[in-house]
There are 2 protein chains.
Amino acid sequence: MGRPRAFDENEVVRAAVALFAGRAYDSVSVDDLVHHLGVHRNSLYKVFGSKRGLYLAALRRGFATSDPDLDLLLLAMVERAPVDAEVAALVQNVLHDLDRSLGSPGATSTLLGDRLRARATP
Amino acid sequence: MGRPRAFDENEVVRAAVALFAGRAYDSVSVDDLVHHLGVHRNSLYKVFGSKRGLYLAALRRGFATSDPDLDLLLLAMVERAPVDAEVAALVQNVLHDLDRSLGSPGATSTLLGDRLRARATP
DNA sequence: CGAGTTTAGGAACGGTCAGTCAAGAACGAT
DNA sequence: ATCGTTCTTGACTGACCGTTCCTAAACTCG
């Protein structure tokens, strides 16, 4: 019952992944999310609780595939994991999965290092 | 002539390196810099022009050694280089130097990937 | 002792931040 | 048709952002 939602929660999280993969957490404002996601501020808070809540949802989504979003992962590792234990835990999980699917931690480090260089090279 | 400075510009840049190596650019506020560096707001702007000016000075300092500050470098690569061409150029320089001193781009990628993992692992 | 110059200090600026509030609209159930 | 519930909407809040202004202090030079 109640008024039906005018947006697709899945699409919203997908769009959030794209935003958080491109820019630092602090430089993605709630206004940015509201505009790019087409969801009203209040609905966003009703569904995800906070900006951080939406970010965590985006991380879970972006990491829940066989090839996780490496840009999202890099930003999370470098910027958020050191100051947010829940982010650190999600990162640990996906790193473990990557190690397993690539066969060794060394291969994962090289993969990340390469993506890092590519990202910093315009 | 004029009133002498009450702070050491070198020490200020060194402290800025430590701050910018630990947290994302956007989450280091000018207030943070003022408090941790012991320099007054106004002096900071007189000497460095802007928060970005001080950040660039910190990058130049943190990269100007034979073993550059890897945390500072990682944050710059992931977060600032994509949105600031001058940062990207400084990053390219230090990466080139690293490639040369380590012998190969592959070694640099692995070094960065390893530091990345260490940083994200509390 | 001024006059001139450079820095220190603190208050203030407009803008933007994440988050909240109250009112109304769209539904299912009775 | 009315009620309870859920979602939408836009205005609003206090805090903080980077930056600027203005006055006082500390110095050199004449």
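Entry one, symmetry. I superposed chain A on chain B with a rotation of 179° and 0.0 Å of shift along its axis, at an RMSD of 0.1 Å. I then looked at the contact residues (heavy atoms within 4.5 Å). Of those in chain A, 100% recur in chain B, so the same surface serves both copies.

Ground rules. I am reading a predicted model: local features need pLDDT of at least 70, side-chain atom pairs count only at pLDDT 80 or more, and totals for chains, interfaces and linings use all residues. Residues are numbered from 1 along each chain as its sequence is written, chains are lettered from A in the order written, and side-chain values use heavy atoms, without hydrogens and water.

Entry two, a helix pair. I picked α5 (residues 70-80) and α6 (residues 85-102) of chain A. Helices here are DSSP runs (H or I, at least four residues), numbered from the N terminus. The two axes come within 10 Å and cross at roughly 135°. The axes are lines fitted to C-alpha atoms over the stretch in contact, with angles from 0 to 180 degrees between N-to-C directions.

Which residues in α5(A) meet α6(A)? I found L73(A), A76(A), M77(A) and R80(A). Their partners in α6(A) are V87(A), V91(A), V94(A), L95(A) and L98(A).

Technical notes
Least-squares fit on C-alpha atoms with pLDDT ≥ 70 in both.
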